[in-house]
Each structure stands twice: as C-alpha cells, then as structure tokens.
Amino acid sequence: QMVLSEKVNQLMEWASKRSVIRMNGDKFRRLVKAPPRNYSVIVMFTALQPHRQCVVCKQADEEYQILANSWRYSSAFTNKIFFAMVDFDEGSDVFQMLNMNSAPTFINFPAKGKPKRGDTYELQVRGFAAEQLARWVADRTDVNIRVIRPPNYAGPLMLGLLLAVIGGLVYLRGSNLDFLYNKTGWAFAALCFVLAMTSGQMWNHIRGPPYAHKNPHTGQVNYIHGSSQAQFVAETHIVLLFNGGVTLGMVLLHEAATSDMDVGKRKIMCIAGIGLVVLFFSWLLSVFRFKYHGYPYRYLF
C-alpha cells in the first residue's frame, strides 16, 4: 500500500504540472508496467523529434493534448486515470519491449491485468480527433471526458470578412444589384460546395484522419486508404480533383451542344469533354476498385 500510494502521489504531482506525463523507459516500467497499480494509464507512443519527420505524430499530439487538458481542468479529473507519452527518442527500449514499430499508437494500460485487444486504439479506422479518443477512453475506463477545445477565431473572422465584402458590394453597387441574380456565380458556388461534400470533407472534419500514411519499413507513402471504412485527407483532395475533372468534361459537352460558336470550336469542345469524362471517371473507378477489393468493373485503368 505504501508503494502504491507513492506511485499515485508521484503521478498526481506530475499531472498537476503537465496534463500529459512524459515518460522514459525507467518511468514506464516503474509506474505503468510494474504492480501494484489501481489506476489506468493512457499512453501515446510517438516520434515528435524533427528528424523523424512524422507529421501525423504532431497532429495526433495536438489532439491528445486537448483531450488531456480537458480531463485535467474538469470535474472528470481523478487519480484513477492518467495520460502519458513515450517518445521514441526518449524510450526506444519501451518500443522494443512492446514489439512496436509504428507511431503514433495509443494504448490503455488498465488498472488490473494486461492490455487486451480493445485497449489498442484503432487509429486508421477512427482517426485521432480528441472527441474520438474521448469515446474510446470512456469505453475502456468508464471515465467520461467532455472535450473542450481552445477558442478558434478563424471562423468568426472569415464570416465577418465575408459579410464585409458583401456589404461593400451592396454599398458600391446599391443602384445595380443584378450581380446578385447572376446564375453562373451561384451555380459555381453551389458546384464547389457539392464537390467538397461528395469528396469527403465532412468525414475529415468529424474523424480527423491523417493526411497520408508512411510505411515505417519501406518508407512508401500511401495517399489512398486500402479500406472502404476509412480515408486519408490526401485521398479527399484526389477524389475532389477527379470529380472536378468529370464535371468540367460534362460542362464542355453541354456547351458544345448548346452554344452558338462555329462548328469547329464546338467539335474541339466535344472531344475535350469526352476525353475529360473518360479519363477522370476511369481514375475514379480505379480508386473505387482499390478500396473495395473484388469490385469487377473497370474502364481504362
């Protein structure tokens, strides 16, 4: 009991100074692995040093800090759970002990027994947003954390800038508001919104996936997730580009059929439109085949 009390007091002292406790190999073995322990420890295994070039680690660390701070400065704060971090350059022996060869990785070390399968967070499926991590922590430890993000003034500033621009246009052209009824402008704005939504921007906002994935063994970077249940941010940009190419091709075909230009220009527009539709739709099908293994159809690629 004396040893356990000393361990809890030590962790509480560190947690009062920093929400995420940085650990090396000695601290990890003494406070996380070694009994007795009546508390759970959520550990993020990462590689934050600049020479590691782990962009995802930095993004995940920001969300992890938000989660730990939300726990530290709320009524959920308790000595039954602690948040810790092991950086590869400070605790490579811990990575070797756990046979771990990728980062970032989140593992819950429960108060009793060894970590089970569900105690390893499914980063590639659920993303590393603080809200998703909080749900996983609640499921594994019964500690509910309400995520409180620091204020972000980018949204209100952009809204104020937009309103200022609209107000300025109305003031300068108060006698001529025909631009508000411009069908082409409204159509372009609606098209941009539709392309953004169909490419998966909202999924990225909710799940917070990494931009891409770098294989730690081969160094190969994957921009498209191999599962139909997840995606990368880069994948969203690729699909957005492909959808935009198909859309541009359809617009050219429509213009070729309805415009008053001479026949030669209309033929060029028609050929260009067909080429864009065939090319970009083939690439879309190839992405679909890559994510939905066994999909039998293809076009060009």
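# A first look at this 301-residue chain

Buried residues account for 36% of the 301 residues in the chain. Keep in mind as you explore that this is a predicted model. The chain holds 11 helices and six strands, and its C-alpha trace spans about 90 × 55 × 35 Å along the principal axes. The points below start with the whole chain and then visit some individual residues.

**Overall form**

- The radius of gyration of the chain is 26 Å, whereas a compact globule of 301 residues would have one near 19 Å.
- Take the contacts in the chain between residues at least 6 apart in sequence: 66% of these join residues at least 24 apart.

**Surface and charge**

- The chain carries 32 positive and 20 negative side chains. The centres of these two sets lie 4 Å apart.

**Annotated transmembrane regions**

- An unreviewed UniProt entry gives the annotation "transmembrane region" to residues 153-172, 184-203, 238-256 and 268-290.
- One of these annotated spans, residues 184-203, is 90% helix and 0% strand in the model. Its end C-alpha atoms lie 29 Å apart.
- Another annotated span, residues 238-256, is 100% helix and 0% strand, with 27 Å between its end C-alpha atoms.

**Cis peptide bonds**

- The peptide bond from Pro35 to Pro36 is cis, and its omega is near -5°. To find Pro36, look in the loop between helix α2 (25-33) and strand β2 (40-46).
- Ala103 and Pro104 are also joined by a cis peptide bond, with omega about 0°. Pro104 sits in the loop that runs between α4 (92-97) and β4 (105-109).

**Positive phi angles outside glycine**

- Asn99 is not a glycine, yet its phi is positive, at about 55°. This residue belongs to the loop between α4 and β4, and Asn99 is exposed, with a relative accessible area of 69%.
- Asp142 is not a glycine either, and its phi is positive at about 65°. The loop between α6 (130-141) and α7 (154-172) is where Asp142 lies. With a relative accessibility of 66%, Asp142 counts as exposed.

**Buried residues and their contacts**

- Val32 is part of helix α2. Its relative accessible area is 1%, so Val32 falls under the 20% cut-off and is buried.
- Setting aside neighbours within four places in sequence, Val32 is in contact with Met23, Lys27, Arg37, Val41 and Phe109. The C-alpha atom of Val32 is separated by 27 Å from that of Pro50, 18 residues apart along the chain.
- Ser199 lies in the loop between α8 (183-198) and α9 (201-207). Ser199 is buried because its relative accessible area of 4% is under 20%.
- Not counting residues up to four places away in sequence, Ser199 touches Gln231, Thr236, Val239 and Leu240. Ser199 and Leu240 are 41 residues apart along the chain, while their C-alpha atoms are separated by 5.1 Å.
- Ser282 is in helix α11, and it is buried, with a relative accessible area of 0%.
- Apart from its neighbours within four places in sequence, Ser282 is in contact with Tyr299, Leu300 and Phe301. Between Ser282 and Thr184 there are 28 Å from C-alpha to C-alpha, and the two are 98 residues apart in sequence.

- Tyr297 is found in the segment after α11 (263-291). Is Tyr297 buried or exposed? Its relative accessible area is 54%, which is over 50%, so Tyr297 is exposed.
- The C-alpha atoms of Tyr297 and Asn215 are separated by 29 Å, and these residues are 82 residues apart along the chain.

Conventions. Residues are numbered from 1 along each chain as its sequence is written. This is a predicted model: local features need pLDDT of at least 70, side-chain atom pairs count only at pLDDT 80 or more; totals for chains, interfaces and linings use all residues. Side-chain values use heavy atoms; hydrogens and water are left out. Helices (H or I, at least four residues) and strands (E, at least two) are DSSP runs, numbered from the N terminus. The radius of gyration is taken over C-alpha atoms; the globule rule is 2.2 Å times the number of residues to the power 0.38. Buried means under 20% relative accessible area, exposed over 50%, partly exposed in between (1.4 Å probe, protein chains only). Contact means heavy atoms within 4.5 Å. Lys and Arg count as positive and Asp and Glu as negative; His and the chain ends are not counted. The place of a charge is taken as NZ of Lys, CZ of Arg, CG of Asp or CD of Glu. UniProt positions are given in the numbering used here, feature names are shortened, and annotations may be inferred rather than shown by experiment.
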